[in-house]
Amino acid sequence: MKKTEIVARTEELVTPIIDENDFELVDVEYVKEGANWYLRVYADKEGGITIDDCVLISLALEQKLDAEDFIADPYILEVSSPGLGRQLKKDKDFQRSLGEKVECKLYKAVDKQKEFEGVLKAFTAETITLATENEDMVINRNDIAVIRLAIDF
């Protein structure tokens, strides 16, 4: 089974658990780090997700994953919050982050620069608009390697 299929099937299994508890599914990823495979589920809720919430999701999802047993490789299941510098991937992430300061890294440099910081002003299916210090920038979403909330210390 391909990584994309594992992610899609895991999303199908975890969504009812997420919905029943008024959580939000932020992301699912299946990645290899070193010798280990990790199946990661990122969830959130209004006011922030707790350790107990993550345990609830993990135990319920583990039962479903064991019952279906569709992942060939041994893996480690992790359920956590998306963290402070959460990546923006889906339209709902962009919607929630309008007016927030974001960091944007591009695949290819624009004017000899690959990284931009600014306030997320708008987005469409194809582009995002950042208000930077100098100007408003329209960036094609296909050119974005990573975009996440900026963390100010």
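1. Let's start with a contact: R9, T10, L13, V14, P16, I17 and I18 of helix α1 touch L56, I57, A60, L61, K64, L65 and E68 of helix α2. Contact here means heavy atoms within 4.5 Å. Sorted by type, the residues of this contact are ten nonpolar, one polar and three charged. Ala, Val, Leu, Ile, Met, Phe, Trp, Tyr, Cys and Pro count as nonpolar, Asp, Glu, Lys and Arg as charged, and the others, Gly among them, as polar.

2. Before you go on, know that this is a predicted model, where local features need pLDDT of at least 70, side-chain atom pairs count only at pLDDT 80 or more, and totals for chains, interfaces and linings use all residues. Residues are numbered from 1 along each chain as its sequence is written, and side-chain values use heavy atoms, with hydrogens and water left out.

3. How do the axes of α1 and α2 cross? The axes of α1 (residues 3-20) and α2 (residues 51-68) come within 10 Å and cross at roughly 135 degrees. That is why α1 counts as oblique to α2. For the labels, angles under 35 degrees are roughly parallel, over 145 roughly antiparallel, 65 to 115 roughly perpendicular and the rest oblique. Axes are lines fitted to C-alpha atoms, for helices over the stretch in contact, and angles run from 0 to 180 degrees between N-to-C directions. Helices (H or I, at least four residues) and strands (E, at least two) are DSSP runs, numbered from the N terminus.

4. Because R9 and E12 sit three residues apart in helix α1, about one helical turn separates them. A salt bridge is a side-chain nitrogen of Lys or Arg within 4 Å of a carboxyl oxygen of Asp or Glu; the whole structure has 13 salt bridges.

5. Now the sheet. Five strands make an open, antiparallel sheet, ordered β7-β6-β5-β4-β8. At its edges are β7 (136-140) and β8 (144-149), each pairing on one side only. Two strands pair if DSSP finds at least two bridges between them.

6. Next, walk through the pairings. Strand β4 (residues 101-110) is joined to β5 by six bridges, with V102 opposite G118. β4 and β5 form a hairpin with two residues between them, and D111 in the turn has a positive phi of about 50 degrees. Five bridges link β4 to β8, where E103 stands opposite R148. Four bridges connect β5 (residues 113-123) to β6 (residues 127-131), and F123 has I128 as its bridge partner in β6.
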